[in-house]
Amino acid sequence: MDLKYFNPTTDPLMVGVDSSVMMTLDSAHEVSSRIMPSIKYVITSGKRTIGGNSVLKGAVPDSAHLLGLALDLLIPGNAEFAAIILSALNLSRQATAQNF
């Protein structure tokens, strides 16, 4: 798998994440960086264990994180732009964008 923006070998939060999720995230970063070159994606949670998932506030018992099919992602900067990109790519049910 050839990723431009993420490295599942060196990023511990990418370990166990499904390759299709990683490729979608990498594609989203590629598209959004053409529009906003300084954009950064920060992965805050990847594949979870049942124990790790159970202690998180708001996590559901059948979370897609348990299967490596979900990521929690923070896109610092322009919240509106981040929401548009993630929505257009149907990247996730819930995305967090934060203004700094």
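How many aromatic pairs does a search of the whole structure find? In this predicted model, the search finds one aromatic pair.

**View 1. The aromatic pair of F6 and Y41.** The rings of F6 and Y41 adopt a tilted arrangement, with 6.4 Å centre to centre and 50° between the planes. F6 belongs to the segment before α1 (19–35), whereas Y41 belongs to the loop between α1 and β1 (42–45). F6 and Y41 are both buried.

**View 2. The salt bridge between K4 and E30.** The count of salt bridges comes to three. In one of them, the side chains of K4 and E30 meet at 3.3 Å, N to O. Because K4 is located in the segment before α1 and E30 in helix α1, this pair ties together parts that are 26 residues apart in sequence. K4 counts as exposed, at 58% relative accessibility.

**View 3. The salt bridge between E30 and R34.** Here the N to O distance is 3.2 Å. E30 and R34 are four residues apart in helix α1, so about one helical turn separates them. With 63% relative accessibility, R34 counts as exposed.

**View 4. The salt bridge between D72 and R48.** The side chains of D72 and R48 meet at 2.7 Å, N to O. Since D72 lies in strand β2 (residues 72–76) and R48 in the loop between β1 and α2 (50–54), the pair ties together parts that are 24 residues apart in sequence. D72 counts as partly exposed at 27% relative accessibility, while R48, at 13%, counts as buried.

**View 5. The network of K4, E30 and R34.** Salt bridges with shared partners join K4, E30 and R34 into one network.

Conventions: Residues numbered from 1 in each chain as written. Predicted model: local features only at pLDDT ≥ 70, side-chain atom pairs only at ≥ 80, totals over all residues. Heavy atoms only, no water. Phe/Tyr/Trp six-rings, centres within 6.5 Å; stacked < 30°, edge-to-face > 60°. Helix = DSSP H or I, 4+ residues; strand = E, 2+ residues; numbered from the N terminus. Buried < 20%, exposed > 50% of the residue type's maximum accessible area, 1.4 Å probe, protein only. Salt bridge = Lys/Arg side-chain N within 4 Å of Asp/Glu carboxyl O.
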